[in-house]
Amino acid sequence: MAALPVAVLLAVTALCAAALVPVGGRAWSAVRVADLIWDELADCESGGDWRADTGNGYYGGLQIWAPTWTEAGGLRFADRPDHATRREQTTVGEEILRRQGWEAWPDCARELGLVG
């Protein structure tokens with residue numbers, strides 16, 4: 001997948017964010033991020049490999065740390081992110097985003113213009 005121009009990505013992000021209601025700090029009452037945002041994040045985090053297991057302690061397309069996967073309810077899908085489907089990983093990613101904000105993926109979120 002070719003990288004989206006930053007302006008397009010920011011516009012889509014703004015549209016997604018407009019539908020979200022902040023609830024105290026960085027948490028969100030409802031999080032549903034467009035698939036293309038998750039795909040761009042996965043491209044940055046893992047080269048788009050939803051089965052990534054590089055031995056660095058982070059797994060799957062979104063490079064989720066195993067304890068974070070557990071805390072965000074990932075065990076209902078699989079023991080680790082790389083054993084879950086893309087949709088399951090993004091579902092857990094939405095919960096992580098609700099709890100931690102885009103700062104859960106600091107380098108790639110910054111690179112993609114999702115955080116300042």
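The side chains of R86 and D35 meet in a salt bridge, with 3.7 Å from N to O. A salt bridge here is a side-chain nitrogen of Lys or Arg within 4 Å of a carboxyl oxygen of Asp or Glu. R86 lies in helix α4 and D35 in helix α2, so the pair ties together parts that are 51 residues apart in sequence. The whole structure holds eight salt bridges.

This is a predicted model, in which local features need pLDDT of at least 70 and side-chain atom pairs count only at pLDDT 80 or more, while totals for chains, interfaces and linings use all residues. Residues are numbered from 1 along each chain as its sequence is written, and side-chain values use heavy atoms, with hydrogens and water left out.

Now let's look at the two helices. Helices (H or I, at least four residues) and strands (E, at least two) are DSSP runs, numbered from the N terminus. Because angles of 65 to 115 degrees count as roughly perpendicular, α2 and α4 are roughly perpendicular to each other.

| Feature | α2 and α4 |
|---|---|
| Residues | α2: 35–46; α4: 86–100 |
| Packing angle | about 95 degrees |
| Distance between axes | 11 Å |

Contact means heavy atoms within 4.5 Å. D35, W38 and D39 of α2 touch R86, R87, T90, G93 and E94 of α4 in this way.

Next, where is L75 found? L75 sits in the loop between α3 (66–71) and α4. Leaving aside neighbours within four places in sequence, L75 is in contact with W69 and T70. L75 and V92 are 17 residues apart in sequence and 9.6 Å apart in space, C-alpha to C-alpha.

Finally, there is a pocket to explore. β2 (64–65), α4 and α5 (106–111) each supply at least two residues of the lining of the largest pocket. With three residues, α5 gives the most to that lining.

Technical notes:
Axes are lines fitted to C-alpha atoms, for helices over the stretch in contact, and angles run from 0 to 180 degrees between N-to-C directions. Angles under 35 degrees count as roughly parallel, over 145 as roughly antiparallel, 65 to 115 as roughly perpendicular and the rest as oblique.
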